[in-house]
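Good morning, everyone. Let's take a walk through one protein chain. Please look at the sequence and the model while I talk.

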Amino acid sequence: GTRVSTQMGVGGFGPGSRLTQVRAKIAGSTACPVPDAWSWQWVLIEEDSPSRVVSVLQTSRVSLGQNSVGTQTLDWQGDYMAPGTRYAYALLMMRTESDMSSLLISGSETLEEAIANGATAVRSVPFLADGAPSSGVMTMS
């Protein structure tokens, strides 16, 4: 199967990485590679259910070798956060770019709605909007 590991607030994939970067490494294997057609999108969500999508973030994809892909965002949306509210980043995956475009155009208002519309999602470690997020790591298998 495919494994996703996310990190936030701890730099990027190489030199020049920034503290406000959020990234994920999607690791496949020879038997189960990460398909090139899969589309990835970072969103900022409120942690409490229903997890309201606060902002769709600029997302870039980085090749990390034969069976791994990385995604990252430098898009810090502090202006959209209310002090005292818990937030998380969520990485959405759709099987094609067209499917992701349709999902984004549909304007899913919550993470649960995006999942109901066919997205797969992985959440980061939650953080409180009283300052920049602290370092954290989450691994899912």
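**A salt-bridge network, then the rest**

A word on the source. This is a predicted model, where local features need pLDDT of at least 70, side-chain atom pairs count only at pLDDT 80 or more, and totals for chains, interfaces and linings use all residues. Residues are numbered from 1 along each chain as its sequence is written, and side-chain values use heavy atoms, with hydrogens and water left out.

Back to Glu112. Which residue forms a salt bridge with Glu112? Arg123 does, with the closest N and O atoms 3.9 Å apart. A salt bridge here is a side-chain nitrogen of Lys or Arg within 4 Å of a carboxyl oxygen of Asp or Glu. This pair links distant parts of the chain: Glu112 sits in helix 2 (residues 111–116) and Arg123 in strand 8, eleven residues apart. Helices (H or I, at least four residues) and strands (E, at least two) are DSSP runs, numbered from the N terminus.

Arg123 also forms a salt bridge with Glu47, and there the closest N and O atoms are 3.3 Å apart. That pair again links distant parts: Glu47 lies in the loop between strand 3 and strand 4, Arg123 in strand 8, 76 residues apart. Glu47 counts as partly exposed, because its relative accessibility is 22%. Arg123 is partly exposed too, with a relative accessible area of 26%. The structure holds four salt bridges. Another one of them joins the side chains of Glu46 and Arg52, at 2.9 Å, N to O. Why do such pairs turn up? Side chains of opposite charge can pair when their charged atoms come close.

Now step back. The chain has two helices and ten strands. From the N terminus on, the order is β-β-β-β-β-β-β-α-α-β-β-β. Of the 141 residues, 41% are buried.

Next, the inside. The largest nonpolar core has 18 residues. A nonpolar core is a set of buried Ala, Val, Leu, Ile, Met, Phe, Trp, Tyr and Cys residues joined through side-chain atoms within 4.5 Å. Trp40, Trp42, Leu44, Tyr87 and Tyr89 have the most contacts inside this core. Two or more residues come from each of strand 2 (22–27), strand 3 (39–46) and strand 7 (86–94). Strand 7 gives the largest share, four residues. Apart from this core lies another, of twelve residues, including Ile45 and Met100. In soluble globular proteins, nonpolar side chains tend to be buried together.

Aromatic rings come next. How many aromatic pairs does a search of the whole structure find? It finds four. Rings of Phe, Tyr and Trp (its six-membered ring) pair if their centres lie within 6.5 Å; planes under 30 degrees apart count as stacked, over 60 as edge-to-face and the rest as tilted. Take Tyr87 and Phe127: their ring centres are 6.3 Å apart and their planes at 35 degrees, so the pair is tilted. Tyr87 lies in strand 7 and Phe127 in strand 9 (residues 127–128), so the pair ties together parts 40 residues apart in sequence. Both Tyr87 and Phe127 are buried. Trp42, Tyr87, Tyr89 and Phe127 form one aromatic cluster.

Last stop: strand 6, residues 68–73. Six of its six residues are buried, so strand 6 is largely enclosed by the rest of the structure. Ser68, Gly70 and Gln72 point one way; Val69, Thr71 and Thr73 point the other. In a regular strand the side chains alternate between the two faces of the sheet.

Which strands pair with strand 6? Strand 2 does, antiparallel, over six bridges. Strand 5 (residues 60–63) does as well, antiparallel, over four bridges. Two strands pair if DSSP finds at least two bridges between them. Strand 5 and strand 6 form a hairpin with four residues between them, and Gly65 in the turn has a positive phi of about 125 degrees.

One more thing to find: a cis peptide bond joins Ser49 and Pro50, with omega about -5 degrees. Pro50 is in the loop between strand 3 and strand 4 (53–56). Thank you.

How values were computed. Buried means under 20% relative accessible area, exposed over 50%, partly exposed in between (1.4 Å probe, protein chains only).
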